[in-house]
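Thanks, everyone. I'll take a few minutes on one model. Here it is on the screen.

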Amino acid sequence: MMITKHYFKRLLVEPIGLAINVFFPVLLVFINVTVNVNAMEGGDTLFSGYSVTATSIATLIMVMFQFMYGTHMVDLFFRDFKNSRRWRLLAAPASLSKYLFSIMMASVFFSVLTGVLIMAVAAIALNAHVHNPFVLLTVIVIIAVFSQVFGMLVSLLIRKKGVAEAVCVLFSFFMIVPSGDFLVTININIHALNVFFNYMTPYAQAMRAIMASGIMGNSVSDNFGGALQYMGRDMSTALLNMGTLTATTILLAIIVVIVSRRRSF
Amino acid sequence: MIASMRNVVKRYGDTMALDHLDLNIAEGEILGLLGPNGAGKTTAIRSLIGLISIDSGEIKVFGESQGINNTSIRRNMGLVTQEITVFTELSAIENLRYFGGLYGLKGADLESNVKRVLEFIGLTEHAKKRPSKFSGGMQRRLNIGCALVHRPKLLIMDEPTVGIDPQSRNHILESVKLIAAEGTTVVYTTHYMEEVQAICNRISIMDSGRVIAEGTLDELIGRIHHEDTIRMIAASPSDALTEDIKAVSGVKNVSVSGNNYVIISGADSGNLNRIMEVTIKHGGVVNITADKSNLEDVFLTLTGRKLRDGGEG
């Protein structure tokens, strides 16, 4: 617990890290919602009194950044175990796995707090709906764990810190952009790829789980029908996607364990 | 004996980092581990702490077999790394608290030890500042302090004075003596002979992965047959003075340049006083010094190479 507290403190005291990981996504939500609402004829669309625009954008940006937070694991791992500090830390009566688990726990906790903060600010200031709180919180936790496990995998495979961090960030973009939810609408004419990016990526599973649990249902563009479809509250879809996301995370963790046994660092 | 290494072998690919290394560490001593870069000093201490596995041999610390999974032994060991490895984003006191906590200290015990170490390293007034605000010497002191919080029985210091000014170096050397005086056994690795000469009770000289000589400073220097070089400025140089100096028993060679005399004499021949007496009879001595054999000479004799950077002698 002491080691976990130590790593959490180090995440909190880095001003640049806080700015990029906490304040920037909140700012991005505000800017995006404002720009989009202003561009809409007749103003924002309300559903059960909540802003559809703010709900969609806040959820998207929150999930997008959650998938980038593997950078926490990369940053702390490289700073402590890819240089001479490694010897000092391992000379203490604590195993490497204890340190790595502590980094993961601290980073998960930090990520969850950030995700909750983004949604809370969007709910209070922009009239966003927070969906089913249990589902939202659970999915945030699962994504946080997934991201740290992914960050660990990247740290094991890539020697340079900058490259490893870039991979964590780009991984998020490469899941989201082809789905058509962010920046550009992409028409993918290959059926298998369309299904993959809209249903099978961790991002797609996370978004479907969250959105299905709330008032708006699934907001992912459906290229088959060519129209946005609202499914309404659908806990079975939410639970199904939470389950597949959890299974994906567990599979990734198994891969990390296998890779870590073959790699020395 | 607080620790021992017997016939230890460690290879990195085709490179023999430790070549049947034997090393004993007596309780309470300051053992100097001297050798050029690449001698195997760092590999030796990392295997002693249990940070790396060995290919064969035996390492015992506090009576127990050392290994990479034996974390319990490490509770009573401390490591001062060559590089500064404190956390620059945390204050000095936060660093000390963390490292103390890693070694099992808690609550009032932790706080009292942190306070003690802050006083010892002279950073009490800077406790709440971050190491990024410190000078190089202060950072080095904090680096040492983090290894002392838990009062280790065995402290390993891996070239702790690299890259710092002479004043800070002297402060660190004095601190090492104080640490040992409080009962901590110290293993001090360095390639600076002046440091081991200043503080170590016993010295092990390493080269190519093995100990090539060990003993006290006097024992090591006494092992080699070497010459003393006496340099003198005579008040009244003359041919007669030169002949009388050459006639002194044990003098092997005299070279003269103006007032400057360079006299090669057998080691420990005691000729410094005799030459002074002779020169005083011939008008007096302006200045006289004798270059004694040192560890550099010991290493050179044993390996044919210089101690600094392992270059060719």
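**Folds, rings and cores**

Chain A has eleven helices and two strands in its secondary structure. Helices (H or I, at least four residues) and strands (E, at least two) are DSSP runs, numbered from the N terminus. Along the sequence the pattern of chain A reads α-α-β-β-α-α-α-α-α-α-α-α-α.

Some ground rules. This is a predicted model, where local features need pLDDT of at least 70, side-chain atom pairs count only at pLDDT 80 or more, and totals for chains, interfaces and linings use all residues. Residues are numbered from 1 along each chain as its sequence is written, chains are lettered from A and ligands numbered from 1 in the order in which they are written, and side-chain values use heavy atoms, with hydrogens and water left out.

Now chain A as a whole. Of its 265 residues, 54% are buried. Buried means under 20% relative accessible area, exposed over 50%, partly exposed in between (1.4 Å probe, protein chains only). Chain A exposes about 11800 Å², and carbon and sulfur atoms supply 69% of that area. Accessible areas come from the Shrake-Rupley method with a 1.4 Å probe; for residues, only the protein chains shown count as cover. Take the contacts in chain A with a separation of 6 or more: 74% of them join residues 24 or more positions apart. Contact means heavy atoms within 4.5 Å.

On to the rings. Phe146(A) and Phe171(A) are stacked, at 6.0 Å centre to centre with 20° between the planes. This pair links distant parts of the chain: Phe146(A) is in helix 7 (residues 133–157), Phe171(A) is in helix 8 (residues 161–176), and they are 25 residues apart. Phe146(A) is buried, at 4% relative accessible area. Phe150(A) also stacks with Phe171(A), at 4.1 Å centre to centre and 20° between the planes. Those two are 21 residues apart, again helix 7 to helix 8. Phe150(A) counts as buried at 11% relative accessibility. Ring pairs join Phe67(A), Phe146(A), Phe150(A) and Phe171(A) into a cluster.

Next, charges over rings. The criterion is NZ of Lys or CZ of Arg within 6 Å of the ring centre and within 35 degrees of the ring normal. Lys82(A) lies over the face of Phe78(A), 5.2 Å from the ring centre. Arg86(A) has its charged end over the ring of Trp87(A), 5.3 Å from the centre.

Now the cores. A nonpolar core is a set of buried Ala, Val, Leu, Ile, Met, Phe, Trp, Tyr and Cys residues joined through side-chain atoms within 4.5 Å. Which residues touch the most other members of the largest one? Tyr7(A) and Tyr99(A) do, in a core of 155 residues. Helix 7 of chain A gives the most to this core, with 14 residues. Contacts of Tyr99(A) beyond four places in sequence include Tyr7(A), Phe81(A), Tyr98(B) and Leu102(B). A second, separate core has 13 residues, among them Met232(B) and Val278(B).

Last stop, chain B. Val80(B) is in strand 6 (residues 77–80). It counts as buried, at 1% relative accessibility. Beyond four places in sequence, Val80(B) touches residues including Arg88(A), Asn143(B) and Leu155(B). That's the tour.

Note on methods:
Rings of Phe, Tyr and Trp (its six-membered ring) pair if their centres lie within 6.5 Å; planes under 30 degrees apart count as stacked, over 60 as edge-to-face and the rest as tilted.
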